[in-house]
Amino acid sequence: LEEPGSRRAGELLELAAASGDAEIRVRVAQTRGGSRDRYALTGLLGACRDADFKVRAAAVQALARFPGGVPAIALGEVDHLLEADPEPLVRAAAFQAILSGHSGDESRALAGKWLAHPDPIIRARAVEAVGRTDWDFRPLVVPLLDDPAPLVRAHAARLLRRDERNRSQTERVLQGVLGDSHAGNDAHEVALATLHEGGPSGLHPLPGHLLSATDPAVRVLALALCLGMPDADSSETLRKILDVLADPAHAEDLRERLLPHIPDFSENIADAILMASASLEPAKREQVARLLADWHRVLETRMEDAT
């Protein structure tokens with residue numbers, strides 16, 4: 001499909017782009033990202049106007065993967081999505097795409113604007129985007145540790161925790177987010193993943209509302225952290241983790257929201273879960289095996305990116 005000038009590939013993508021299944025249209029947009037095919041850009045511009053927000057977000061992300069960032073002809077479309085799209089996730093994706101295509105001074109000015117945006121999802125995505133630059137981003141991000149939105153505070157703490165100068169402040173922020181049962185699943189997910197990435201370092205035991213969370217990704221992230229804590233009942237904790245992983249009703253949610261954080265798990269925690277899965281009954285083991293196959297692909301991709 002990525003072969004330039006392949007008429008058959010182009011025909012297949014055009015057919016898929018007209019599918020009534022939004023997930024297929026998302027895959028088409030992802031495939032077209034950075035493509036050398038001259039028709040890919042036209043297709044992505046159309047996808048930016050798709051009725052489904054996931055397709056629009058995928059199209060914007062794909063445009064950012066072109067050499068040099070978003071092509072000039074598409075900037076107006078992306079700007080429009082940033083300013084006017086009704087879905088916060090699309091606006092956030094547009095922000096990240098535009099930021100990647102600007103010079104240093106322009107990017108800083110734009111980042112400052114969107115770090116102060118009234119929508120907390122955009123502020124959180126702005127923190128992520130700034131974290132991928134080579135700037136000294138502390139002056140921009142440190143004030144967001146006091147942001148009113150737990151999601152923004154969690155993202156700011158995740159980025160700044162890597163700097164020892166901010167360690168004690170970010171620990172307090174993470175404790176506050178995790179201790180707030182109303183912070184939201186996304187904020188809890190980011191805060192827990194941050195602890196997996198850098199270790200719990202003096203944090204108090206996790207609140208019960210996380211260990212019994214109805215959200216499967218949050219619950220697995222929380223339970224997995226317990227495996228690395230002293231005096232943890234490892235066998236009971238592993239049983240609870242595998243119960244979530246083996247539930248078919250959670251499969252898609254876990255693939256979308258848990259797997260991206262798997263590379264943050266310590267080797268000991270990951271190995272404990274993998275080894276425990278071998279003792280499951282056949283039906284559950286098969287369900288978990290499918291998820292673990294994706295788990296391995298995520299790890300391989302992260303290692304390839306690192307090299």
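## Salt-bridge tour

Select Glu128 to start: at 28% relative accessible area, Glu128 is partly exposed (buried is under 20%, exposed over 50%, partly exposed in between, with a 1.4 Å probe and protein chains only). This is a predicted model, where local features need pLDDT of at least 70, side-chain atom pairs count only at pLDDT 80 or more, and totals for chains, interfaces and linings use all residues. Residues are numbered from 1 along each chain as its sequence is written, and side-chain values use heavy atoms, leaving out hydrogens and water.

Arg125 and Glu128 form a salt bridge, with closest N and O atoms 3.8 Å apart (the term means a side-chain nitrogen of Lys or Arg within 4 Å of a carboxyl oxygen of Asp or Glu). Both residues sit in helix H8, three residues apart, about one turn of the helix (helices are DSSP runs of H or I, at least four residues, numbered from the N terminus). Arg125 is partly exposed, at 21% relative accessibility.

Next, select Asp147 and Arg123. Their salt bridge has its closest N and O atoms 2.8 Å apart. Asp147 lies in the loop between helix H9 (138–141) and helix H10 (150–160), Arg123 in helix H8, so the pair links distant parts of the chain, 24 residues apart. Both Asp147 and Arg123 are buried.

Move to Asp119 and Arg91. Their side chains meet in a salt bridge at 2.3 Å, N to O. Asp119 is in the loop between helix H7 (104–115) and helix H8 (120–131), and Arg91 is in helix H6 (residues 88–100), so the pair ties together parts 28 residues apart in sequence. Asp119 and Arg91 are both buried.

Last stop: select Glu189, Asp215, Asp253 and Arg257, which are linked in a salt-bridge network. The whole structure holds 21 salt bridges.

Terms used: Helix = DSSP H or I, 4+ residues; strand = E, 2+ residues; numbered from the N terminus.
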